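Here's a quick walk through one protein chain, going from the overall picture down to a few individual residues. Have the viewer open as you read.

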Amino acid sequence: MHKKTLLFCLLAAAMTSLSAQDITENKTDNTDTIPAPIIREEKAAAALPVISYALNDNKKYAIADIQVTGVDTTVYADYILIGISGLSTGQKISVPGNEITAAINSFWRHGMFADANIYATKLTSDSVWLTFALKLSPIISSIEYHGVKKGEREDLESKIGVAKGSQITPNLINRIKKRTKDYFDEKGFSNADITIRQYDDLANKDKAILNITVDKKEKTKIRKIIIEGNTNLSEYDLKMAMKKTNEGFSLRKMPMLNIRKLFSTKKFVKEEYQNDLENLISKYNEKGYRDAEIISDSVAQIDDKHVTIHIKVTEGEKYFIRNIKWVGNTLYQSDALEFVLNMKSGDVYNQTKLNKRLQSDDDAVASAYSNKGYIFASLDPVETYLDKDSVDIEIRIFEGVQATINRIVISGNDRLYEDIIRRELLTKPGQLFSKELLINTAREIAQMGHFDPEHMDIQTPPNQEAGTIDIEYGLTSKANDQIEFSAGWGQTGLIGRVSVKFSNFSFNNLIHPDTYKGIIPQGEGQTLTLSGQTNGRYYQSYSISFLEPWLGGKRPNSFTLGAYYMSTSGMENSYYSSYNYYDPYYSITYDENKSMKIVGVSAGYGKRLSWPDYLFNLMGELSFQRYILKNWSGYFPIANGNANSLSLGITLSRNSTSSPIYPRSGSDFVASLSLTPPYSMFDNKDYSAMNEQDPKKYEWIEFHKWKFKGKIYIPLANPEKVVKTPVLMSRIEYGFLGAYNANKRTPFETFYVGGDGMTGYSSYFATETIGLRGYDNGSLTPSGQEAYAYSRLALELRYPLMLEPTSTIYGLLFVEAGNAWRNLSTFNPFALKRSAGVGARIFLPMIGLMGIDWGYGFDSPIDGGTRSGGQFHFILGQEF
């Protein structure tokens, strides 16, 4: 008995505290490892109770109080930290015991603590007072990157998603390491080493600097791809199916190489490799081998830079469709659905095509249902018979109910009044939902020019229980007002031009200055254009135009007004001598007795048609022009007098392009006719007896002018999957200027063909400028000025370099051909002048479209002359 008492006293002399050590193990996954708390003995302190570990009588103590030290209460309140421990005041625990151990493990599991200890500061016969001594993990004050480029660092910051002020935890470190590793795996650096260290920030208490060091090593490239087991499909076809996994270039295989494969990357990316294995099987499925599968595949490391891929396949039998049966369809007849499906009995069982024609293509069966409001319809192809090489397919359709549009929400608009946008929407609340109308509405919004089509976000959250769907148009505004300041040097000196275009003008707010945004009234989507061009006394030109796209605000009927004035003076005859014309120091003297002035006004009314479809527009325009000539010889048959032109223009157009700046798809066709009254038929004048220089012959000019222009845009990749989609643009143009009377042909309204196609100041007036790159301006025009027919054909391959609201940049390759004729009787659509070249375009919202082309003319502008050769052309403004 005395021995036991002595032993008890010796053990009671030691005082201990309960604690746990830091987690130091580096983990490669996101699972926390929770170490068992280690009991650390301390020297006895007078204020601390003595806790015995030798006697375990399972006695319970009620927690009288819990205090927290080491953590700023403004960061985490005490009750939050106490809650993490799982302990609470009044709870009965063993001292020591499992409850304490569980509390410490809970702190470690939370991941935000660098140290966690629990002390018993006071102990009575039935109560215990506890103190949690905690230390939070440091806060990131800065992140340093080493071994990466600036662009890679910016990409990593976005991918990692960790900012300054984040708390460093094991999970955070593991996440950074994994995402960094994944990023460089995608870049082909599968051997990259990622090292993450943290250092105390001496300038900031409780903060640390995170250092991310990347040793990328060499890119892992694919030396060779070996495919075994294929007998029906060639190795070449299977490797072509692997879009992103490509082996190194070999001269032996050069005859078999595809252009895309020749210039594609040869790096090995695990994720892309897995996708390409699926693409390989999809290739078999396209050919009817439904049972094809990959038996095995392996990636063998040859050296630090290269791997070899081994793939073994089994092909199975080739299957053909024996029968297709439709079940559950009431909206469409089976024959109509089979026509849309474009698959029939006897066809190869192409599973890829089957899925596309049922679901994913723009004109798929599912789209036909969506266009009628059946967005909840499901189409499930089931193989009901399979034997030898034949398969029966039963397509089970659940049509469901038609969905109506519930709400339409527009966000991101800060330019227009919302009703201006809503009037362009083809989707209306209460209407049956149509996928086709939704796509067309997105195109209409893009055509307005006020919103960025590249960042348009359209969401359609459905409510199947209610049978409704909401449409949310997420828009990104962009400025499209334009201002131009330009200057050039002509034969008469410096020529300056100023032009402003307000594309969001509001005529109704003109007398309400409080509604102005800046210096002009805005918000109604009207267009006001003002321009002026002059070099002082010799040449002046001014114009103003106004466009209201919705006259009255209820229907898309447009109204246009325009007016312009041009005046140019002649020069002394001595200027045109061969010596003075080329003398840069010759002082030009204007001859005020030589001049030509043009005054014109126009008004137009346009209407959107409902047939053949809503994309057609019909436009009528009435215009008047007056030509005032004074001793103006050398350009027109007459040198003095006035000529008047009163014409009616009718234009039929259809525009289905996806975007006004960089169209990826669609077409744009314009057919126009402009004609004057046939004065010669009723004015009782014999024009054959009149001299060509008689001003009375042209007092009222007459003509009929026919033009046709068309463009088609074909995307060379899926625009929904590839943002920078290359586009093939084809163009066709024809123009003819006819006369009612062969003896009264108009010298005005003719065509001026060749060069950059830009209108503006030149020695040629009252003509329509038609561009043909690779040739000098106007060089294809017969007789220098008068062309009464022209044709132009072009093909352009465009590739976008930047598609942002602030700027759009794309490069292009082109081939072009065209010509001009003096008489309609000599028109020959096959006698064309050819050219080819390269160019670039940049669109800036405040300036508009600018560009530069280099074209090489393969033919002589004049028959029998030398070929045109290389020409640079500068483009300003949008050309058809």
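## The chain as a whole

Of the 880 residues in the chain, 42% are buried. Keep in mind that this is a predicted model. In terms of secondary structure, you'll find 14 helices and 39 strands.

Take the contacts between residues at least 6 apart in sequence: 61% of them join residues at least 24 apart. As for the surface, the chain exposes about 45,900 Å², and 54% of that comes from carbon and sulfur atoms.

## Nonpolar cores

As general background, nonpolar side chains in soluble globular proteins tend to be buried together. Which residues have the most contacts inside the largest nonpolar core here? They are Met596, Tyr627, Phe636, Ile701, Phe748, Phe751 and Val753, in a core that counts 27 residues. Strands S27 (590–608), S28 (616–630) and S33 (750–753) are the elements that each give two or more residues to this core.

The peptide bond joining Trp611 to Pro612 is cis, with omega at about 0°.

Lys217 isn't a glycine, yet its phi is positive, near 60°. Look for Lys217 in the loop between strand S9 (207–215) and strand S10 (221–228). Lys217 has a relative accessible area of 41%, so it counts as partly exposed.

Asn684 is another non-glycine residue with a positive phi, this time about 55°. Asn684 belongs to the loop between strand S30 (666–675) and strand S31 (704–715). Is Asn684 buried or exposed? It's exposed, because its relative accessible area is 78% and the exposed class begins over 50%.

## Around Val500

Val500 is part of strand S21, which spans residues 493–505. With a relative accessible area of 18%, Val500 falls under the 20% cut-off and so is classed as buried.

What is Val500 in contact with, leaving aside its neighbours within four places in sequence? The partners are Gln482, Ile483, Leu528, Thr529 and Leu530. Gly532 sits 32 residues from Val500 along the chain, and the C-alpha atoms of these two are separated by 9.3 Å.

Notes. Residues numbered from 1 in each chain as written. Predicted model: local features only at pLDDT ≥ 70, side-chain atom pairs only at ≥ 80, totals over all residues. Heavy atoms only, no water. Core = buried A, V, L, I, M, F, W, Y, C linked by side-chain atoms within 4.5 Å. Buried < 20%, exposed > 50% of the residue type's maximum accessible area, 1.4 Å probe, protein only. Helix = DSSP H or I, 4+ residues; strand = E, 2+ residues; numbered from the N terminus. Contact = heavy atoms within 4.5 Å. Areas by Shrake-Rupley, 256 points an atom, 1.4 Å probe, with all protein chains shown as cover.
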